[in-house]
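Reader: I would like to go through the labels on this model. Please set each one against its cut-off.

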Amino acid sequence: MSQAIEVVRVAGRIGAEIRGVKLSHDLPESTRKAIREAWLKHKVLFFRDQHHLDDASQEKLVTLFGNKAVAHPTAHKVDGTHYVLELDSHRGGRANSWHTDVTFVDAYPQASILRALTIPEAGGDTAWANTNAAYEDLSPELRALADTLWALHSNEYDYAARKPNAPVEALKKYNEVFTSTVYETEHPVVHVHPETGERQLLLGHFVKRILGVPSSDSQHLFNLLQSHVTRLENTVRWRWRAGDVAVWDNRATQHYAIDDYADAHRVVHRVTVDGIVPVAVDGRRSRTVSSTVKNPEVAQLRQAEEREREAVAA
C-alpha cells in the first residue's frame with residue numbers, strides 16, 4: 001500500500017523533512033521514487049521518530065539510495081553487524097569539521113544514512129552544506145578556474161593541530177585505526193553529479209593540497225573555495241531527537257557534527273552506500289594514487305571483516 005508522504009523544506013537551499021513515512025527497505029515503488037526524487041533535489045532528508053529501526057533494518061535501507069552498503073576503509077563495524085559504523089562521543093566519535101565522507105578513496109560513498117540513538121539534551125546538532133549552490137555562487141571567472149583544478153585527498157592529516165582539545169581516546173583511535181592504512185586520492189575540485197548533472201565543489205577536510213600550485217597558493221585557493229561551501233546561505237542545521245534518521249547525498253554535500261555538548265553522551269549509527277568514481281568537467285576520473293599500511297594488525301582485522309561480509313553475501 002502506497003504511503004502519502006509530505007516533503008517540508010527545512011532551509012532555503014538545502015534540506016527537507018519527509019513526513020508520513022515509516023522507513024523500510026520494502027516501501028512501495030511510488031514511495032521509493034518520491035523519496036529518491038526529494039533526496040536528489042534537497043540533498044539531505046530528515047525523518048523523525050523512526051524508532052522501529054535497528055542496525056539490521058538500517059543496513060537494508062541502502063537499497064532506497066543505491067545498490068549496496070560499503071564498509072568504512074579503516075574504521076571497525078559494530079559487533080553483530082556487517083556495515084554499521086558507530087560514532088560514540090565517549091569513545092572519540094566527534095567529527096567536528098566540514099567534510100564529505102571518505103573522499104580519500106576514489107569511489108567514495110554516494111549516500112550516508114545516519115540514525116540517532118542517544119542525543120544530548122542540548123547541542124550535538126549536525127549541519128550540511130550544498131556544494132552545488134556553492135559552485136553556482138562563484139563568479140564566472142572563479143568557476144572557470146575551479147573547473148580546471150585537482151586536489152589530493154588523504155585520511156592522514158594533523159589531527160592534534162585540528163583538534164587540540166581532543167581526548168586521549170580519540171587521538172589513539174585516529175593513530176591506530178583511522179590511519180591504519182593511509183590513502184591518497186586525486187579528485188577534481190569540481191565534479192559532475194552522475195544523476196542531476198549539477199557541478200559540485202569537492203573539498204572538505206580530507207583535502208591535503210591543491211595540485212599543481214605552490215603550497216601557499218594551495219591553501220589560499222582551498223580557503224577561498226571552501227568558504228563558499230560553508231556560507232550560512234548554503235547550509236541547513238538539524239536538531240536531533242533519538243529515533244531520527246538523516247540521509248544525505250554525499251556527492252552533493254559537506255557536513256559538520258557540532259561539538260558543543262561538553263561531556264554529554266551522543267551516539268549515532270551510520271551506514272554508507274556504494275558510490276562511483278567522480279568525473280571532472282573535462283571527463284577525467286578520480287584515481288587513488290597510493291595506499292600504505294601503517295598498522296598491519298588493524299589492517300588485517302579490517303581484511304578479515306571484509307572476508308566475513310563477502311562470505312555472508314555469497
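Author: A salt bridge here is a side-chain nitrogen of Lys or Arg within 4 Å of a carboxyl oxygen of Asp or Glu. The model is predicted, so local features need pLDDT of at least 70, side-chain atom pairs count only at pLDDT 80 or more, and totals for chains, interfaces and linings use all residues. Residues are numbered from 1 along each chain as its sequence is written, and side-chain values use heavy atoms, with hydrogens and water left out.

Reader: What makes K208 and E184 a salt bridge?

Author: Their N to O distance is 2.7 Å. The limit is 4 Å, so the pair qualifies. K208 is in strand β12 and E184 in strand β9, 24 residues apart. Strands are DSSP runs of E, at least two residues, numbered from the N terminus.

Reader: Why is D125 called buried?

Author: Buried means under 20% relative accessible area, exposed over 50%, partly exposed in between (1.4 Å probe, protein chains only). D125 has 9%, so D125 is buried.

Reader: Why is R237 called partly exposed?

Author: R237 has 49% relative accessibility, so the label is partly exposed. The side chains of D125 and R237 meet in a salt bridge at 2.9 Å, N to O.

Reader: How do you know that R231 forms a salt bridge with E233?

Author: The closest N and O atoms are 3.4 Å apart. That is within 4 Å, so the pair counts. R231 and E233 are also linked with R13 and D137 in a network of salt bridges.

Reader: Why does K43 count as buried?

Author: K43 has 3% relative accessibility, so K43 counts as buried. K43 also has a positive phi of about 75°, although it is not a glycine.

Methods: Helices (H or I, at least four residues) and strands (E, at least two) are DSSP runs, numbered from the N terminus.
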